[in-house]
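Let's take a quick tour of how a protein's pieces hold on to each other. Keep the structure open while you read.

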Amino acid sequence: MTSDPVADLGRAFEAVGELIARIEPRQWEAPTPCTEWTVRDVVAHLVGLNLVFTALLEGGPMPDRQADHLGADPLAAYRTSAAAVTAAFGAPGVLDKTFSGPLGDATGVGRLRIRMADLLTHGWDLARATGLRADLPQDLVEESLAYIRMQMAEHSRAGRFDDEQPVPQDAPALDKLAAFTGRVV
C-alpha cells in the first residue's frame, strides 16, 4: 500500500462504485460466481460489511445483518456506507488500534486490508455477473492478493473460501485473487 492506506481504500471503493453505477436494472437479479447470491445480494454484502466495519471501528452497535440496507437506491447505499467506513478508518489512531474479530485480533490497518481484499474480490464477482469491465486499481489488487495469501497461510479456508482454483500463471492479478478465493476463472 502507499503511505496512505485510507486513500487507497477510497480508490478501491470509488472503482467498485463506478462498476455498480453501470449495473442495468435487469442485471440486479442475475446470478453471480457467489452461487447463492444475485448481483443485488453481492452489493448488499458490500454495504453490510461496510456498516459492520464502521460499527467495529467506532465502537457502535452492530447493524442488523438481516435488514435490507440497499433500499430503492443500491448505489446511494453503497456510496454512503463506503464514505462512512472510509471516515471511520481515517479517524485518528484507528489504523494503529487493535480490534478483535472472527479471525482474531488485528490492527486497524489489518482490518482495512481485509476489507479491501473482500471489496476487490466482489468487484470481480460483479463484473463477471454483469459482463461489465472491472477497472479496479491494479496495484491494490496485487497488494490484496499478497495480503490474503499471507493471511490464509495462517488460517483455515473452511467457512471463508472454497478451495483455490487453477488459473494460468500469466493471468491478471484480479483473476488470481478470484481464483485464490475459490472462484472458477
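How many salt bridges does the count come to? The count comes to 8 salt bridges, and keep in mind that this is a predicted model. Here are three of those pairs, and then a look at one helix.

- Arginine 11 and aspartate 139 join their side chains in a salt bridge, 2.7 Å from N to O.
- Arginine 11 sits in helix H1 and aspartate 139 in helix H5 (residues 138-152), so this pair ties together parts that are 128 residues apart in sequence.
- Arginine 11 is partly exposed, at 34% relative accessibility, and aspartate 139 is partly exposed too, at 29%.
- There's a network here as well: salt bridges link Asp8, Arg11 and Asp139.

**Two other pairs**
- Glutamate 24 bridges to arginine 26, with their closest N and O atoms 3.2 Å apart.
- Glutamate 24 is partly exposed at 36%, while arginine 26 is exposed at 64%.
- Arginine 115 pairs with aspartate 118 at 2.8 Å; both lie in helix H4, 3 residues apart, or about one turn of the helix.
- Arginine 115 is buried, with a relative accessible area of 0%.

**Helix H3, inside and out**
- H3 covers residues 74-90, and its 24 Å reach from first to last C-alpha is close to the 24 Å expected.
- Its buried residues include Leu75, Tyr78, Val85 and Phe89.
- Looking down the axis of H3, the buried residues fall within an arc of 155°, so they line one face of the helix.
- That buried set packs against helices H1, H2 and H4.
- Thr80 and Ala87 are exposed, on the face of H3 turned away from its buried side.

Note on methods: Residues are numbered from 1 along each chain as its sequence is written. This is a predicted model: local features need pLDDT of at least 70, side-chain atom pairs count only at pLDDT 80 or more; totals for chains, interfaces and linings use all residues. Side-chain values use heavy atoms; hydrogens and water are left out. Helices (H or I, at least four residues) and strands (E, at least two) are DSSP runs, numbered from the N terminus. The expected span of a helix is 1.5 Å times one less than its number of residues. Buried means under 20% relative accessible area, exposed over 50%, partly exposed in between (1.4 Å probe, protein chains only). The arc is that of the directions from the helix axis to the C-beta atoms. Contact means heavy atoms within 4.5 Å. A salt bridge is a side-chain nitrogen of Lys or Arg within 4 Å of a carboxyl oxygen of Asp or Glu.
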